[in-house]
Amino acid sequence: MRAFARLWDTITRERYQIADPARRRFRYGVQVNSLGLTEAQPENNVQRIVLEMLAVTLSSGARARAVQLPAWNEALGLPRPWDQQWGLRIQQVLAYESDLLEYGDLFDGSPVVEAKTAELVAGAEAEIAAVAELGGMVPAVESGYLKAQLVASHAARRARIESGEEKVVGVNCFQATELSPLTADTDAAVYHVDPAYELAVLADLEEWRTRRDDAQVAAALDWLRADAKRQDVNLMDATLGCARAGVTTGEWAFALREVFGEYRAATGVGSAPVAAAGPGGELAAVREATHATAAEIGAGRLRLLLGKPGLDGHSNGIEQIAVRARDAGFEVIYQGIRLTPAQIVAAAVAEDVHCVGLSILSGGHAELVPDVLRRLHAAGAGDIPVVVGGIIPPADAQSLRSQGVAAVFTPKDFGITAIIGRIVDEIRLAHKLQPWSASHAVATQPAAPPQSKADRT
């Protein structure tokens, strides 16, 4: 954040000629990195949160105006109100029981911090120059360059964790653990949304619509569409007219889709670097299983459809699954986030896929996954195995499996290659083939020595 604030000050002063330092002040909020939270030994997440929060506390040159803390159990499920209170209290203890905020920049004069800040600034400036070479941010987004860089960065981090180069306490090192009273009852450790709440919200929405003036709503939406079709017209006036008429955000958005269509951003998966698969390694074995399974079922390649139903925008996990599945020999169909169950099922049928993988981190798995299953059955594709990944409590995982989900993966399943191997086996089971790991072990193990009579008994 010190590097970010320094870049902001330089760019606003030199590029935009803002002379007043107060107007150049970088105002920002930060969210502590939830990618660093673990399902294994989740109590460790508390100290992770505190350490990350210190980064924007010790230095006035990096001090945030707002800090959003994830709760200790966000890798398990939805935080309860008590867990959210815990996150708030962490901030309050630091603010009121320490004197850190009473001082300026504690890192001023540190050659170590200054060298690291300068390194980050130089790297950021090089990246800004690369984006400028592409023509700016819009071409960089549309070409998929930015997303590809992000996906590649996360893939490199995952590789370091899987190899053990990057240590994650409780996950790939120091895994021995005592029983935790915090998670003795995992289902009680997270918040469960009452399905009746959704019905109540829908009922409120319908009641709202009955109280509106339908003619005013129609006129406001017509105004919005008309302005959207005109070049260089600011849509704010029409949008405010919609709000005053009682137009919902969904109606507003669909009206704009009628005019502009719907943009699907590049996923960055296709251009991510291919993982190395040395002889005898895990990825090489899964790749062999993928190719062999495709041949056994008469397919050129195994096809995996990955979808994120609902409004969940956390795409890092599913992108890493997509990249590794591609590296293992799958043909991957992935169109990005925020798809409806109907869109996912339509794509599964159209692409004639061998497996559907769903990723949900929003807590909506209990409704969205069964919806996809029902639609697959209605489309005559109920034999396609469905696997699910996300923040899913154990009881919910069991419920999904009982409804027909082939496998459920949560943050504890950090070995992505092993996940792809499991997907291959679920495809094999769906085609009444023995799991690859078992059949391969039987085929490659040496013949057993003759048994004695005593052994046979």
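Predicted model: local features only at pLDDT ≥ 70, side-chain atom pairs only at ≥ 80, totals over all residues.
User: Let's start with helices α13 and α14. Which residues does each one cover?
Analyst: Helix α13 runs over residues 341–351, and helix α14 over residues 365–378.

User: OK, what are the angle and distance for α13 and α14?
Analyst: Their axes come within 9 Å and cross at roughly 40°. That makes α13 oblique to α14.

User: Is the crossing left-handed or right-handed?
Analyst: The crossing of α13 and α14 is right-handed.

User: Which residues meet there?
Analyst: From α13, they are P341, A342, V345 and A348. From α14, they are L368, D371, V372, R375 and L376.

User: How many of those are nonpolar, polar or charged?
Analyst: The contact of α13 with α14 has seven nonpolar residues and two charged ones. No polar residues take part.

User: New topic: rings. How many aromatic pairs are in the whole structure?
Analyst: A search finds five. One of the aromatic pairs is F26 with Y28, and that pair is stacked.

User: What are the numbers for F26 and Y28?
Analyst: The rings sit 4.6 Å apart, centre to centre, with 25° between the planes. The pair counts as stacked because planes under 30 degrees apart fall in that class.

User: Is F26 buried or exposed? And Y28, buried or exposed?
Analyst: F26 is buried, at 16% relative accessible area. Y28 is buried too, at 9%.

User: Which residues make up the ring cluster?
Analyst: Ring pairs link F4, W8, F26 and Y28 into a cluster.

How values were computed. Residues numbered from 1 in each chain as written. Heavy atoms only, no water. Axes fitted to C-alpha atoms, helices over the stretch in contact; angles between N-to-C directions. Helix = DSSP H or I, 4+ residues; strand = E, 2+ residues; numbered from the N terminus. Parallel < 35°, antiparallel > 145°, perpendicular 65-115°, else oblique. Left-handed = near helix turned anticlockwise from the far one by under 90°. Contact = heavy atoms within 4.5 Å. Nonpolar A, V, L, I, M, F, W, Y, C, P; charged D, E, K, R; others polar. Phe/Tyr/Trp six-rings, centres within 6.5 Å; stacked < 30°, edge-to-face > 60°. Buried < 20%, exposed > 50% of the residue type's maximum accessible area, 1.4 Å probe, protein only.
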